[in-house]
Amino acid sequence: MKEKVQKINRLFELFVGRPLQSDVSLKEYSTFRIGGKADFFFEAQNLSELRQAIFFALDQSLPFYIIGGGSNILFADEGYRGLIIKNSSKGISFFPESNEVEAFSGTKLIELVEFCCESGLAGLEFLAGIPGTVGGAIWGNAGAFGRSIGDVVARALILEKYQEREVANDFFAFGYRTSRLKEKGYFLLSTRFRLERDDPEAIKRRVKEILALRRLKHPPEGTASAGSYFKNIILPDGQKLAAGLLLDQAGVKGLKCGEAMVYPGHANFIINIGQATASDVLKLANEMKSRVKEKFGVELEEEVIYLEATASML
Ligand SMILES: Cc1cc2nc3c(=O)[nH]c(=O)nc-3n(C[C@H](O)[C@H](O)[C@H](O)COP(=O)(O)OP(=O)(O)OC[C@H]3O[C@@H](n4cnc5c(N)ncnc54)[C@H](O)[C@@H]3O)c2cc1C
């Protein structure tokens, strides 16, 4: 086993030009602050490293998983038997002739929102306060206040296994917290957003208002969580029924399992109040689901992704 690990490390460094890390705690890379160790870990600093790391894992049939900000993931207590690639490929460019902004997929949403504020470009204000990266946001069509990131995507560069493709908005088939990236397992390299010119002060004002609204509903900044745990329910007429409302009426606020707790101020947030394990969170989430099922006959669906450790290949 040790020889196999050494071989993977050696080949990776030859192929990508920088070493892999071994036995890395995933806690540090999850806003939930939960997770065991990954066998291998690599932080790609740019698109070229991201591509190379993916190609390496494909060539070696090494199980791998891409993360951005780790703000929508619950890592397993057993960690991950393979390679976690953290995408930190950052960069933003502005194309004034079309009012388009291009961002590499590892760009943080907060940096994108700040760039748009400074440049007088409106359309992405609703992303203010959502942690994570462009890649994770497009993957799950992140949104708030009735808007989703897919609404402003013009086109993007994606990776389908080894093949790079430029695709337009309709390729993504964006829906409520979903996109074709999620359905098909494609990787996002970069995205162009189509925005509108506006007064920078007006944009900043809207961003401030959004942040203030979020502060009212959400746990204080720095609280360990992965955001809303369950998706809202889409009714047959297309209207949304807030999962938080059903959970609240099912009486889950303050419920605890180990050190995982339903945030008393928002019934759809599970928070880690200390040393919660993934198993605590999963048990608590099951209890929340069954209470809602019992009271309303409705099956809630998880928004947070649980990444299983997978079978060892070493
Ligand atoms: C306090 C808090 C508040 C939140 N509020 C909101 C909210 O209002 N609205 C909302 O929608 N979400 C919200 N979230 C959830 C989360 O922030 C978003 O889903 C965010 O877009 C996830 O981005 P990420 O980079 O952290 O993704 P990660 O958690 O790292 O990954 C999520 C998924 O995206 C995939 N992925 C990441 N990068 C790529 C890529 N380049 N190519 C292909 N797949 C990729 C990963 O493989 C994984 O399956 C909140 C989370 C927290 C902690």
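Start in this predicted model with Val-262: its bridge partner in β20 is Ile-270. Now widen the selection to residues 260-262, strand β19, and residues 269-272, strand β20. The two run antiparallel, joined by three bridges.

Next, show the whole sheet. It is open, has four strands, and reads β15-β20-β19-β18, with antiparallel pairing. Look at its edges: β15 and β18 (256-257) each have a single partner strand, so one side of each lacks a neighbour in the sheet.

Stay on β15, residues 224-228. The largest share, four residues, comes from α4.

The ligand is surrounded by 32 residues. The closest are Gly-68, Gly-132, Gly-135, Gly-136 and Gly-227. Colour the shell by residue class: 17 are polar, 15 nonpolar and none charged.

Move to helix α2, residues 47-59. From first C-alpha to last, its 13 residues reach 18 Å, close to the 18 Å expected at 1.5 Å a residue. Which residues of α2 are buried? Pick Leu-47, Leu-50, Ala-53, Ile-54, Phe-56 and Ala-57. In an α-helix, residues three or four places apart point the same way, because there are 3.6 residues a turn. Then step past the end of α2 to Ser-61, where phi is positive, near 50 degrees.

Finally, zoom out and colour by domain. The protein chain divides into domain 1 (2-87), domain 2 (92-203) and domain 3 (220-296). Between the C-alpha centres of domain 2 and domain 3, the distance is 27 Å.

Methods:
Residues are numbered from 1 along each chain as its sequence is written. This is a predicted model: local features need pLDDT of at least 70, side-chain atom pairs count only at pLDDT 80 or more; totals for chains, interfaces and linings use all residues. A residue is near a molecule or strand if its C-beta atom, placed from the backbone, lies within 6 Å of it. Ala, Val, Leu, Ile, Met, Phe, Trp, Tyr, Cys and Pro count as nonpolar, Asp, Glu, Lys and Arg as charged, and the others, Gly among them, as polar. Domain bounds come from an automatic or database domain assignment. The expected span of a helix is 1.5 Å times one less than its number of residues. A residue is buried if 20 or more other C-beta atoms lie within 10 Å of its own, exposed if 12 or fewer, and partly exposed in between; C-beta atoms are placed from the backbone. Two strands pair if DSSP finds at least two bridges between them.
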